[in-house]
Amino acid sequence: MTARIVLPIARKLGEPMDVRILIQHPMDTGFMHDVSGAAIEKNVIHSLTLEFNGEELLNAELGTGTAANPFMQFQVRVKESGEFLLKWVDDKGQMGVERAKCIFT
Amino acid sequence: MAQALEVESEEFRLLFQELTQGQVVNEQRVHLSVPRLADNGHSVPLRVWVDCVQSDSEHVKRLIVLSCRNPRPLIARFQFKPMQTQLSLSTRVRLNGSQRIWALAQLNDETWWGTHAQVEVTESACLDATL
């Protein structure tokens, strides 16, 4: 599983900026079958958090209604340089972590 | 004066009650943008925004996206930290056919606000290789 945190290139300290999160994950609903007719077990990322310097900015509980490869974009305003930390867990207990440095000069 | 949102089905009314703990959901403040026509239900872009500056004194605590026709109505639930920004969230959802989508937001004063939008979906997300 891979993930990306995309920050705008033109960013200013203390100004709102759009942060985009993208995680590669099938988000299997449990309602689908493969070509041989076997049911595909439900496996979705059920919880996801985005932190900045240890502070939680976003907490999402996702369901089967979220599309495969979950994408999220929202506005963030930070007061210092630091690091974004994205953490997620899926139904199989697989955890993922992605970091992105956000430096203001 | 804020008006309470009307919910079409009894089943949905019960779900609303459970999610909002019986509180009235008011119209206004929450905005939902979805395409009028989505060719494919597998991935439909959706944007929710709330008229609220996310200050410490007034912010959205919780944001819920619901679907009327999906087998599991709860699409996603979000919680935000107030950061003095406009509350806006874009994501992509899966839809099982044409339906109404709901967005509900709870502010820090415990009031609920919501809106809905209609989407026509040509191909449902609940079709697989066996069909």
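**View 1. Strands 1 and 2 of chain A lie side by side in this predicted model.** Strand 1 of chain A is joined to strand 2 of chain A, residues 17-23, by four bridges, and the two strands run antiparallel. Within this pair, A:Val6 is found opposite A:Arg20, which belongs to strand 2 of chain A. As a general point, the strands of a sheet pair through backbone hydrogen bonds, in either a parallel or an antiparallel manner.

**View 2. Strand 5 of chain A pairs with strand 7 of chain B.** Three bridges connect strand 5 of chain A, residues 71-76, with strand 7 of chain B in the antiparallel sense. Which residue of strand 7 of chain B is the bridge partner of A:Phe74? The partner is B:Leu89.

**View 3. Chain B touches chain A through residues that include two of its strands.** In total, 29 residues of chain B are in contact with 27 residues of chain A. On the chain B side, strand 6 (74-80) and strand 7 (87-93) are the elements that give two or more residues, and strand 6 of chain B gives the most, with seven residues. Sorted by class, this side of chain B has eleven nonpolar, twelve polar and six charged residues.

**View 4. A:Thr66 sits in a loop and has contacts in both chains.** The loop that holds A:Thr66 runs between strand 4 (55-62) and strand 5 of chain A. A:Thr66 counts as buried because it has 27 C-beta neighbours inside 10 Å, where 20 or more are needed. Apart from neighbours within four places in sequence, A:Thr66 is in contact with A:Met27 and A:Val44 and, in chain B, with residues including B:Ile75, B:Ala76 and B:Thr91. A:Asn43 is 23 residues from A:Thr66 in sequence, and their C-alpha atoms are 12 Å apart in space.

**View 5. B:Leu104 belongs to the largest nonpolar core.** This core has 58 residues, of which B:Val48, B:Val65, B:Leu104 and B:Ala105 touch the most other members. Leaving out residues up to four places away in sequence, B:Leu104 touches B:Leu19, B:Val25, B:Ile64, B:Leu66, B:Trp112 and B:Gly114. In soluble globular proteins generally, nonpolar side chains tend to be buried together.

Definitions and conventions
Residues numbered from 1 in each chain as written. Chains lettered and ligands numbered in written order. Predicted model: local features only at pLDDT ≥ 70, side-chain atom pairs only at ≥ 80, totals over all residues. Contact = placed C-beta atoms within 7 Å. Nonpolar A, V, L, I, M, F, W, Y, C, P; charged D, E, K, R; others polar. Pairing = 2+ DSSP bridges. Core = buried A, V, L, I, M, F, W, Y, C linked by C-beta atoms within 7 Å. Buried ≥ 20, exposed ≤ 12 C-beta atoms within 10 Å, placed from the backbone.
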